[in-house]
Amino acid sequence: MPLAAVRCPDAGEFDDGRPPAVELRGVSVRYPGASAGSRPALADLSLRVDPGETVALLGPSGSGKSTALKAVAGFEQPSEGRVLLAGRDVTRRPPAERGIGVVVQQYALFPHLRVADNVAYGLRARRLPRAQVRARVGEMLEMVGMEEHARKLPRELSGGQQQRIAIARALAIRPDVLLLDEPLSALDARMRQDMVEELARLRRELPDVAMLYVTHDQSEALALADRIGVMRDGRLVDLGTAHELYHRPRHAFTASFLGGANLLDGVLEAPGAARGRTTHDDASSPELTVRLDAGGSVSARIGDPASDAGASGGRVTVAVRPHALRMLPAGRDANEAAGSASGLRGTVVSVQWRGTGHRLRVALGGTDRGSAGRAVAVDLEPFAAVPAVGDAVVLGVVRGEAVIVPRDETIGGLRVPAAPVRPAAGATA
Amino acid sequence: MLLHSPSTRTAVKAALIAVLALLLGVPLLAVVLAAFAGSWNGVWPSDPTFAHLADALSADNLASISVSLQTAFIASIVAVAVGAWAALAARSAGGRAAKAIDAAFHLPAAVPSVVVGLGLLAAFSRPPLTLNGTATIVVIAQTTLVLAFSYSTVAGAAEVLDPALEQVAGSLGAGSLRVLLTVRLPLLLPSIGAALGLAFALCMGELGATIMVYPASWRTLPVSIFALADRGSLFLAAADTLVLIASTVAVLALIARLRGRTTVR
Ligand SMILES: Nc1ncnc2c1ncn2[C@@H]1O[C@H](COP(=O)(O)OP(=O)(O)O)[C@@H](O)[C@H]1O
Ligand SMILES: [Mg+2]
């Protein structure tokens, strides 16, 4: 797997005269006590956040997102690499000298201090005159709509209110950089939606503050971030705008984590064709035909033009999101009706009602031997006819929605087992 | 242990009360009875009198009370200060250093008090540092003995202190002294208060080491009680014991009140 995959390579060092607000250069973090041979909690992370930009670090639990944030804040010392803030090397400087606003996962409000004193903490540490402290605290509480709670103790507040105070406390010191570690993870779904909107508003009100936003929730990242970095096992595996990552994932992991794509292994019909025929433009990306291990074939775009999909004998993976799969009317000849897919036959192994529509699990390959966990997920369109468990179905793929990514055997879950019946001889065509 | 049936629960409760009564109630009741007894020849004492209590509050004995209170105050405050400092230092140091500090401060609890007394006598009976025969050696003996308890009480609380609080305080611009004074100590205050109460109560009752090192001019109440009992003046010893208990409880109540005030705020 390549190192931090940078799509739109960050522009020159000082493009508009300002150095990046945050810059990580090859930062690795090893926690003391971790055995010497084990992989570091954070491995060789290089990342830049420009002033006013919001970058989200997205990844499953344990992928090193919080560790990356702690390295920026100065809570953990990198074992390798450097941390720069506005061009200044702060790798060995304590947190107090970095002037960064930090909102940690469980808020960490000072339980013995009242709301106003929590917000005032950083101002008092800076020895600001009393009148200024009072004015700034009032201003911050107003910004987060918590004026009437100034005299309360943190334990008298709800989770969402504590969250607001933690943000007000971090922003009171007028930081150039704000770090947020899963700020919404402790809230219920309803509250989370409201807070996402509030954070979006905050971002508009603070156009110069660079934000690094850590989350495992793709919807938060998509809603708030200018760019998203996808983390896995301590590494940054993908970095780009939400649009880029969603429509042109460069790794199977990005595709499955961002949007829950099905990963279908297969072989390129003409491996040589993958090379050199691609451009950066979405529209003119050529469609290549992939013969699937599970039977049938799909035409798909190459996710990352820079990657060599023809390598490893054309063995690739096709990523298809559940909503891009369609159930084709029974009885019609698949070859003529499927559009960008043909012969994608399977058996329905489960049907789940999800409020907005039905999600099917379909075991591909024409057999019902695959368990539900290894079948593809299919989201039916609203009001579509719902098949029953055990029904044989033919699937189609919405044109342009199948993306070819390099095969990565280390990702489980959504992988479809290779069907034993059909040796993919089409690779010679 | 989960006990579901009401009858077993009642039985367990009754057994617990019986054991407590035997272990604590009977000796305590005997002391109270003896303190007011003129004579005690049958099963119950007879000729109730306040004479022993009056004796126990005489000038001579008041001096003993004062010595006990002073020693316990100084020893417990020093022990808690040192214990709390070591607990915080161990937490900051982390890793192997923390384990070493932990072991060192738990050691006195494992050493019998007589050994501590003997050790102090052996160490401080000759120049360069001659403390034998001074009040200081009594204070040192008691401090040493309660240090382990003060340390572990505060260390236990420091252990569960959320490191994120200190980290956030740092990120907001607070140096380590400010973090100590505005975050760590206030949050550890309840455990420091608890350690202070425990240390004080232990000091007030300390006999094993004190009896080996005390000079005639600095006699604590437990030493007086032991001497009286040794001479056979059981009633007077009992009256002194009542005074010891009363003064200890009074100080503990005071500490509890102060703690209540600081934690509620
Ligand atoms: N204080 C710590 N000591 C030792 N290992 C840690 C510590 N914090 C995190 N780790 C390990 O580092 C890895 C990354 O953790 P973290 O950065 O918290 O992940 P995330 O925030 O993405 O869930 C995990 O394997 C975790 O177990
Ligand atoms: Mg985390």
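**Notes on a predicted two-chain model**

1. Let's start with a sheet. In chain A, an open sheet of 4 strands has the order β2-β1-β4-β5, and the pairing is antiparallel. At its edges stand β2 (42–49) and β5 (88–89) of chain A, each with a single partner strand, so one side of each is left without a neighbour in the sheet. Helix α1 (residues 65–73) of chain A packs on this sheet, touching β1, β2 and β4 (80–85) of chain A. The direction of that helix makes about 120 degrees with that of β1(A). A few terms: helices (H or I, at least four residues) and strands (E, at least two) are DSSP runs, numbered from the N terminus. Two strands pair if DSSP finds at least two bridges between them. Contact means heavy atoms within 4.5 Å. Axes are lines fitted to C-alpha atoms, for helices over the stretch in contact, with angles from 0 to 180 degrees between N-to-C directions.

2. Before going on, bear in mind that this is a predicted model: local features need pLDDT of at least 70, side-chain atom pairs count only at pLDDT 80 or more, and totals for chains, interfaces and linings use all residues. Residues are numbered from 1 along each chain as its sequence is written, chains are lettered from A and ligands numbered from 1 in the order in which they are written, and side-chain values use heavy atoms, leaving out hydrogens and water.

3. Back to the strands of that sheet. Strand β1 (residues 22–29) of chain A is joined to β2(A) by 5 bridges, and the two run antiparallel. If you want a pair to look at, A:Glu23 stands opposite A:Arg48 in β2(A).

4. Next, have a look at β21 (residues 403–406) of chain A. Strand β13 (residues 297–302) of chain A runs parallel to β21(A), with 2 bridges joining them, and A:Ile302 has A:Ile404 as its bridge partner there. Strand β14 (residues 315–320) of chain A pairs with β21(A) in the antiparallel sense, over 4 bridges; here A:Val316 is partnered by A:Pro406.

5. Zooming out, chain A has 9 helices and 21 strands. Of its 429 residues, 53% are buried, where buried means under 20% relative accessible area, exposed over 50%, and partly exposed in between (1.4 Å probe, protein chains only). Among contacts in chain A between residues at least 6 apart in sequence, 70% join residues at least 24 apart.

6. A:Arg164 lies in helix α4 (residues 159–172) of chain A and is buried, with a relative accessible area of 15%. Leaving aside neighbours within four places in sequence, A:Arg164 is in contact with A:Val144, A:Met146, A:Met191, A:Met195 and A:Glu198. A:Arg127 sits in the loop between α2 (115–125) and α3 (130–143) of chain A and is exposed at 68%. A:Arg174 is in the loop between α4 and β7 (177–181) of chain A, also exposed, at 57%.

7. Most residues other than glycine have a negative phi. A:Arg127, though not a glycine, has a positive phi of about 55 degrees, and A:Arg174, not a glycine either, has a positive phi of about 50 degrees.

8. Finally, chain B: B:Leu24 lies in helix α1 (residues 6–35) of that chain and counts as exposed at 55% relative accessibility.
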